[in-house]
Amino acid sequence: MNNVFVICETEEGKVADISLELMTKGRSLANDLKCKLEAVVLGHNLKGLENELYPYGADEVYIGDDKRLDPYTTLPHTAVIVELFKETKPQIALLGASTFGRDLGPRISSALQSGLTADCTALEIGDHFVKKENKEYKDLLYQIRPAFGGNIVATIINPDHRPQMATVREGVMKMEVFDKSYEGKLNTLDIDKYLKPEDMVVKVIERHMEKSKVNIKNSSIIVAGGYGMGSKENFDILYELADSIGAEVGASRAAVDAGYADHERQIGQTGVTVRPKLYIACGISGQIQHTAGMEESAMVIAVNNDPGAPINKIADYVITGEVMEVIPKMVKYYKQNTK
Amino acid sequence: MGLNIIVLAKQVPDTRNVGKDAMKADGTVNRAALAAIFNPEDLNALEQALRLKNRYKGTSITILTMGPGRAADIIREGLYRGADKGYLLTDRAFAGSDTLATSYAISHAIRKIEDVDLIIAGRQAIDGDTAQVGPQVAEKLGLPQLTYAEEVISAEKKKLVVKRRLERGVETVECPLPAVITVNSSAPACRPRNAKLVMKYKHAKTITERQNESEDYIDLTADRPYLNIEEWSVNDIDVDSKWLGLSGSPTKVKKIENIVFQAKETKHITSSNEEINDLMKELIANHTIG
Ligand SMILES: Cc1cc2nc3c(=O)[nH]c(=O)nc-3n(C[C@H](O)[C@H](O)[C@H](O)COP(=O)(O)OP(=O)(O)OC[C@H]3O[C@@H](n4cnc5c(N)ncnc54)[C@H](O)[C@@H]3O)c2cc1C
Ligand SMILES: Nc1ncnc2c1ncn2[C@@H]1O[C@H](COP(=O)(O)O)[C@@H](O)[C@H]1O
């Protein structure tokens, strides 16, 4: 009762990274609230998956293993989780802002009449005071997210409804083992108890999954590399920076032409147009054909060894220096300043 | 056999084309500087409806929108492209609704419109990017939902077949009608306005708009009933006002911060450890990253 709950998803028979990231966050929220961390996984052939969750600090793991839960369709998953939440009454429930979580989350929240905040970039515990009613709310979940196309950051709270639900995109939270030898408890769900025939009306006729595709267009942070990166190997540091700050890697045409990055990452007139909240241009001169595809970014940081590079004119921050010196430092100090 | 389709469309501020003056000095959004547009993915939704109308004779398309009076523009835009009818759900009592309160109101309006076969929404609205209203409406109506739709393959004999575009692939799914689908931006773009329909519907107005016209305005709705855009208030739909507006919204905004830097002056930074450390701290503190 009154615990933090993570609704997990699976990928190729394992718990997906996004869910483990949420477990990491969930564990720290549960520690702040001095409550338990619980997790649920639904699907088929899930034997042993609980062992992937314990090291992330799961106190209770609910597994619902049934043919009818795989492949994922909305209604049976909703039916099981809504009932499970009525039984376990979590105070907080987290899901990935994936196609799974963004399909399932609103359905559950609608059934439970609880608030849901999509695409949070930070989750914190805090209090709230309502002057009018002279009422103090303790230990609410602050759901912090960009709004208005990324132009503002809003802190959302659900004072009166439980669970407080939030989705988070992959890569936004860190994934960290809590304790390798942590042991939680397994609860096996009797799926027959939860499903009705009318939950089974949607049928997946055909499904074709591909390896994850780059999605720079929808990424709120982009780390882009240009010809000034010097080599394909040097691009690795961009992936490292992107991984740690939850960004995607983009590239200029000169970098793509030189074989430093795939064409699907090209940004500009003949590539994709992006409007992230943060664009970090590394070794990119900023020719008009490139800036046409990124000039609406809310914030631009340029890393270039030429103080007169055109990109500097549209940048909010200009870092004059060598890419291979500056970017590793950005990674290092980002990590140092976040736990 | 014709289908009775409802398209959910929202008027939104054009957050994609925010100039650097879109934020006021006090850090709030300067709504006046943002054009009000047809939510982009709702146009993808409308196009799917129009394709079904071309395919299945007798199909009718109703645009349903909830918003202030000026959101009647959305209905006219829909009529110009081939929709048949529109309802504007407008009332002070709806103001401040979060997605759940919005879904509550919209689902009750849909209940009032009879014999609906298919409800088509956009995947998400660009003012909030939440993608919640479609699924929440479906739940409130007890209907199946097919999100991330890219193409309605068929809608015959009470059976709907849809192609969905997921993060890592595509899926073809089937379900009985009625149902709710939400359409992705990867679906075909909406056709442009049709000049003949613009002529036909340019005087389509809500009752409030007609009342606000000057004295020499001639009300044409008597002999051309299709020029009437239906306007519904709270009293026209069977709702309990405690589930509407701010008080009916579980989520509340506690705080808003501007992350667009005003009157940008470029900051110059060297590659020294201290300066890069300070930059990363600043980016973390103002939620740009982390
Ligand atoms: C019709 C047409 C369409 C085009 N479409 C696109 C498009 O869609 N997208 C696109 O990107 N381009 C496009 N281009 C090409 C565009 O004009 C530029 O040639 C290209 O953007 C340049 O890429 P770049 O900035 O990476 O390379 P360069 O212009 O070579 O710039 C490299 C930059 O890196 C800096 N640098 C070098 N070494 C270092 C170092 N060690 N540390 C730090 N900085 C360093 C340099 O000072 C320089 O500013 C198009 C061109 C045409 C004609
Ligand atoms: N006020 C509204 N009026 C009509 N449709 C809406 C409204 N709000 C949301 N929708 C529909 O729900 C979809 C998702 O909206 P959102 O959950 O706000 O991202 C939109 O693309 C619309 O189709």
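How are α3(A) and α4(A) oriented to each other? In this predicted model, the axes of helix α3 (residues 74–88) and helix α4 (residues 99–112), both of chain A, come within 9 Å and cross at roughly 50°. Angles of 65 to 115 degrees would count as roughly perpendicular, and those under 35 degrees as roughly parallel, so α3(A) and α4(A) end up oblique to each other. As for handedness, α3(A) and α4(A) make a right-handed crossing. On the α3(A) side, the contact involves T74(A), L75(A), H77(A), T78(A), I81(A), V82(A), F85(A) and K86(A). Facing them from α4(A) are F100(A), D103(A), L104(A), R107(A), I108(A), A111(A) and L112(A). Sorted by class, the contact of α3(A) with α4(A) has nine nonpolar residues, plus three polar and three charged ones.

Helix α4(A) also has a partner in the other chain. It packs with helix α4 of chain B (residues 133–141) at an angle of about 45°, and the two axes are 8 Å apart. That angle makes α4(A) oblique to α4(B). Here, too, α4(A) passes its partner α4(B) in a right-handed crossing. From α4(A), the residues making the contact are R102(A), D103(A), P106(A), R107(A), S109(A), S110(A) and A111(A); α4(B) brings in P135(B), Q136(B), A138(B), E139(B) and K140(B). The contact of α4(A) with α4(B) divides into five charged, four nonpolar and three polar residues. D103(A), R107(A) and A111(A) turn up in the contact with α3(A) and again in the contact with α4(B).

Next come the ligands. Around ligand 1 there are 24 residues, and Y227(A), S252(A), T270(A), S285(A) and N304(A) come nearest. A polar backbone atom of Y227(A) sits 2.7 Å from an oxygen atom of ligand 1, while for N304(A) it is an N or O atom of the side chain that is 2.8 Å from a ligand oxygen.

A125(B) places a backbone N or O atom 2.8 Å from an oxygen atom of ligand 2. A polar backbone atom of G122(B) is 2.9 Å from an oxygen atom of the ligand, and one of M66(B) is 2.8 Å from a nitrogen atom of ligand 2.

A few spots in the backbone also deserve a look. Most residues other than glycine have a negative phi, and most peptide bonds are trans. Against that background, the peptide bond from R162(A) to P163(A) is cis, with omega near -5°. P163(A) belongs to the loop between β10 (152–157) and β11 (164–168) of chain A. Chain B has a cis peptide bond as well, running from L177(B) to P178(B), also with omega near -5°. This proline, P178(B), is in the loop between β9 (169–176) and β10 (179–183) of chain B. Back in chain A, D119(A) is a residue other than glycine with a positive phi, near 55°, and D119(A) lies in strand β7 (residues 116–120).

Note on methods: Residues are numbered from 1 along each chain as its sequence is written. Chains are lettered from A and ligands numbered from 1 in the order in which they are written. This is a predicted model: local features need pLDDT of at least 70, side-chain atom pairs count only at pLDDT 80 or more; totals for chains, interfaces and linings use all residues. Side-chain values use heavy atoms; hydrogens and water are left out. Axes are lines fitted to C-alpha atoms, for helices over the stretch in contact, and angles run from 0 to 180 degrees between N-to-C directions. Helices (H or I, at least four residues) and strands (E, at least two) are DSSP runs, numbered from the N terminus. Angles under 35 degrees count as roughly parallel, over 145 as roughly antiparallel, 65 to 115 as roughly perpendicular and the rest as oblique. A crossing is left-handed if the near helix is turned anticlockwise from the far one by less than a right angle, and right-handed if clockwise. Contact means heavy atoms within 4.5 Å. Ala, Val, Leu, Ile, Met, Phe, Trp, Tyr, Cys and Pro count as nonpolar, Asp, Glu, Lys and Arg as charged, and the others, Gly among them, as polar. A polar contact is a pair of N or O atoms within 3.5 Å; within protein, one must be able to donate a hydrogen and the other to accept it, and residues adjacent in sequence count only if both atoms are side-chain atoms. A residue is near a molecule or strand if one of its heavy atoms lies within 4 Å of it.
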